[in-house]
Amino acid sequence: MRNYLLLQLKRLGRFLPVALCVTALLLGGLAIAAGQIATQSEQGENNQKIRVAIAGQTDHGLIQMGFAALTSFDSTRYTMEVLTLKEAEAEAALRSGDIAAYAVIPPGFMESALKGNMMTLRFVSRADAGDLITLFKAELTEVISDLIIGSQKGVFGMELTLRENGLSQKLPGQMNKLSLEYVDYILYRDHVYTVEELGVADNLTLTDSLVCGLAVLLLLLMCLPFAPVMIRSDHALARMLHARRLSAVRQTLAEFAAYGLTLTALVGVPLLVTLPLWQDRMAVTPLVALGRLLPVLWLVAALSFLLYAISDHLIGGVLVHFFTTLALCFVSGCLYPVFFFPAGVQTLANRLPTGLARTQIAGCLTGADTASTALWLWGVGGLCLLIATLLRLRKIKGVAR
């Protein structure tokens, strides 16, 4: 077995330079893709405000004061940009997609409101706006309700109470201060709750999650250059070795050990390049990160070894490996955010081998305990190796040609 292992290491070593070149091309392409994702994500974070407009009677002094308070003090300014436009301009902007929706304040609204009569506001949005605009419609109407109805009733009621009890004359200059403080209580609604963002998957942001998924894809694609060495159409050598008492198990272990060592040497190149770049974003040390990546590498090597064991022809084997990689990575959320899938697909995605590998890599960034995930990776890799051994035994005995 030792001599057979050395022979396999020599065979695979001849393909290592070719594999390095292919890996460099793959790493460059995926680096460009990851850079584009990161750039778009940053642009999305910088431009995440929804633009809405208020049209109609916007020239009234109290409306202008309320608008200034809304855009300067209210918590919605962090998520929604409110513009004042004429109704025709707002409609044109909505049709062109410059704004997401607009609210129309009818003529005489403030005059009626000051008398205690509230007129109906009109909210206009596109038919395809969906739930997002419904959310902001509720937020915008709530803001208008708080600013106009709530503050109006509160301030007027406070002044009336003070006058009826003869306190308005005893508090000179304090009425306006009390009114402004009351409005502040209404405006600062964000002080009554906190927002906790868990991320799109594995407690990661969209960029970090997709980078972890692309890492799984890269590892699987790095196995493709070894296809000419690993795929065999003639099993005469395996039968001869079996006849000389080198069992199918020992043959499989020797070939897998050589393949795993060569793949580890190949993966070490991009790891040495990428780990220092991500050190500031990792929650664990580089040494711990390498330890957590070992189960992922074991799974990738075992899975690709099994796919090559199934194939008897080079072209067919490469196609099987390539499309299996794409299918597994897509369903498990390596190419597309998994939270967009239905709940049942998300459960399946997190239990697929590639999904487990993505979660294991994500643990390096979040610092989460991935011991159970690592055990699953070792177990699935061992199962792949067992199936590959059984397939080799069948081919040696001539049951499957």
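S304 sits in helix α12, where helices (H or I, at least four residues) are DSSP runs numbered from the N terminus. The model is predicted, with local features needing pLDDT of at least 70 and side-chain atom pairs counting only at pLDDT 80 or more, while totals for chains, interfaces and linings use all residues. Residues are numbered from 1 along each chain as its sequence is written, and side-chain values use heavy atoms, with hydrogens and water left out.

With a relative accessible area of 0%, S304 is buried; the word applies under 20% relative accessible area, with exposed meaning over 50% and partly exposed in between (1.4 Å probe, protein chains only). The side chain of S304 reaches the backbone oxygen of A301 at 3.0 Å. Leaving aside residues up to four places away in sequence, S304 touches C223, Y259 and H321, a contact being heavy atoms within 4.5 Å.

Helix α12 (residues 286-310) packs with helix α13 (residues 314-331) at an angle of about 140°, and their axes are 10 Å apart. Here axes are lines fitted to C-alpha atoms, for helices over the stretch in contact, and angles run from 0 to 180 degrees between N-to-C directions. That angle makes α12 oblique to α13, since angles under 35 degrees count as roughly parallel, over 145 as roughly antiparallel, 65 to 115 as roughly perpendicular and the rest as oblique. On the α12 side, L303, S304, L307 and Y308 meet V320, H321, T324 and L328 of α13. The residues of this contact between α12 and α13 comprise 5 nonpolar, 3 polar and no charged. In this scheme Ala, Val, Leu, Ile, Met, Phe, Trp, Tyr, Cys and Pro are nonpolar, Asp, Glu, Lys and Arg are charged, and the others, Gly among them, are polar.

Helix α12 also meets helix α15 (residues 353-366): their axes come within 9 Å and cross at roughly 170°. The two helices, α12 and α15, are therefore roughly antiparallel to each other. From α12, the contact involves A289, R292, L293, P295, V296 and L299, and from α15, P353, A357, Q360, I361, G363 and C364. Sorted by class, this contact of α12 with α15 holds 9 nonpolar, 2 polar and 1 charged residues.

Turning to another helix, T389 is found in α16 (residues 371-396). T389 is buried, with a relative accessible area of 12%. Not counting residues up to four places away in sequence, T389 touches A248, V249 and T252.

Technical notes
Polar contact = N/O pair within 3.5 Å; in protein donor to acceptor, adjacent residues only side chain to side chain.
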